[in-house]
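Visitor: Take me through this model, please. I will ask as we go.

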Amino acid sequence: MFDRSRRNLAHWFALSMGGILFAFAGVGYCLNVEEQLRLFDDELFHHSKTLAAKTHYSLYQSQWQTQRTQAFLENGVTLNGGLVYARWYDTEKRLVQFIGSPGTKKLTAKPGFQALQVQLGSEDSPTTTTWVRQVTLPILQDTVLIGYFQTAAPMDSLRSSLNQARLFITVGVPITFGVIGITGWFLGGLAMRPSQRAYLQLQRFTADASHELRTPVATVLSNAQVALIPPEDPLEQRLRLQKIAETAKSMSVLINNLLFLSRHEGSLAETTLKPVDLSKLLRSLAQDFTVQASTQGLYFIAQLPEHPVMLRADANLLKQAVINLLSNALKYTPAGGKVQLRLFIQSHRAVIQVEDNGIGIPPNDLPHIFDRFYRVDTVRSRQTGGFGLGLAIAQQIIQAHQGQITVKSFPSQGSTFQIDLPLRI
Ligand code: ADP
């Protein structure tokens, strides 16, 4: 599923970016052609104008003395200067003089620029065909038309530079298209990663939740089936029903926990946050846990400030997070042990510590204990009714309050869970 989405992403990315690239390359090429042609025409025009002015003067001054003019033309107007031919016409558009190919006897082209193919060599024995840019200029003297001048320059250099640009585009565009495709594939992978992670997490969570529910459902079913058989011993039947009730209760706890986790994902809405006196909240919890600890043969010590410690929070959720930590401390500390609850302020943050000197957590398990359904000792946790969700819930609550929860623990020495919360009202 993710591979298909990634392929689609890469596909659309390459298509859209490739389309843009293609459009830019096309426009760029057209602009380039236009600019090169403009420069070429400018130069040709400039060259032709000077040439036309000089040679007409000479032609008229010399009264059409063909030999002198020819000499002047061959000395002064060299075709090595990049011109293929130069032609002079009188006002009736009749050919008067030329160098290079003579063309037609009568001027047919309109004044201006044209690109055309011409035969090089003499008229009788043309050698090669080449593309030229031809310009035809009317020659005016004091606003009076005195003739026409036509010349042409080879377009080889222009064509080869445009060919190069075209080659660059034909080779460059597909290569860039490929690079865009690979980049799209790579970016697609990056973009998919968070959703893939979230999907895998959800998949694992659903699998874990179903797994956790399977055992109690099987227990309920088997006990109910036996209880339905006419009893030989009414006490036995009562025990079965009791077991069903207990299992259903624990299933209800699990379902509530799961609902809790899915409901309070992400940060909390501002409207649900109210000013809470953390000191007061923990004091009331301490009272409950002192009683509970003493029934388990544990010492419970609360070190809480007398003054209020105010912050914006959802009081019920915060209470739930601390209850989860305190319940664990009581659960995983053998009789005779000590559990402490502390509250103090450090660097503009409220710090809550729950410390016990119980069984502790092995270093290998520490990085995972906040994962959903993670239990260090599965058998012990099951016996104490744990599903491995208490710490995940506590962490989710604290993170929703922009706080953080950390742990330090050593096997057989005990654990200290610490909650840091920003002090803002
Ligand atoms: P559970 O409901 O199983 O207690 P939690 O998410 O609350 O699940 O805790 C996850 C695991 O972390 C527990 O199974 C337990 O092994 C370990 N743990 C949590 N708190 C303590 C503690 N104070 N001392 C020792 N182990 C603890």
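Visitor: Where does L145 lie?

Guide: L145 is in strand β5, residues 144-154; helices (H or I, at least four residues) and strands (E, at least two) are DSSP runs numbered from the N terminus. This is a predicted model, in which local features need pLDDT of at least 70 and side-chain atom pairs count only at pLDDT 80 or more, while totals for chains, interfaces and linings use all residues. Residues are numbered from 1 along each chain as its sequence is written, and side-chain values use heavy atoms, with hydrogens and water left out.

Visitor: Where is D90 found?

Guide: D90 sits in the loop between β1 (85-89) and β2 (95-99). D90 counts as buried because its relative accessibility is 13%.

Visitor: What does the side chain of D90 reach?

Guide: The D90 side chain reaches the backbone nitrogen of E92 at 2.9 Å, and that of R94 at 2.9 Å. These are polar contacts: N or O atom pairs within 3.5 Å, where within protein one atom must be able to donate a hydrogen and the other to accept it, and residues adjacent in sequence count only if both atoms are side-chain atoms. Not counting residues up to four places away in sequence, D90 touches V96, G147 and Y148.

Visitor: Change of topic. How many helices and strands does the chain have?

Guide: The chain has eight helices and twelve strands. Of its 425 residues, 35% count as buried. Among contacts with a separation of 6 or more, 65% join residues 24 or more positions apart.

Visitor: What about α4: how many residues does it have, and how far does it reach?

Guide: Helix α4 (residues 234-263) has 30 residues and reaches 43 Å from its first C-alpha to its last. That is close to the 44 Å expected at 1.5 Å a residue, where the expected span is 1.5 Å times one less than the number of residues.

Visitor: Which residues of α4 are buried?

Guide: I244, T247, M251, L254, L258, F260 and L261. An α-helix has 3.6 residues a turn, so residues three or four places apart point the same way. The buried residues of α4 pack against α3, α6 (315-331) and α8 (390-400). At the start of α4, a side-chain oxygen of D233 comes to within 3.1 Å of the backbone nitrogen of L235.

Visitor: Is α8 mostly covered or mostly open?

Guide: Mostly covered, with eight of its eleven residues buried. They are L391, A392, I393, A394, Q396, I397, I398 and A400. The buried residues of α8 pack against α4, α6, β11 (404-410) and β12 (414-422).

Visitor: Where are F373 and H348?

Guide: F373 is in the loop between β10 and α7 (378-383), and H348 is in the loop between β9 (338-346) and β10 (349-356). F373 is buried because its relative accessible area is 9%, whereas H348 counts as exposed at 71%.

Conventions: Buried < 20%, exposed > 50% of the residue type's maximum accessible area, 1.4 Å probe, protein only. Contact = heavy atoms within 4.5 Å.
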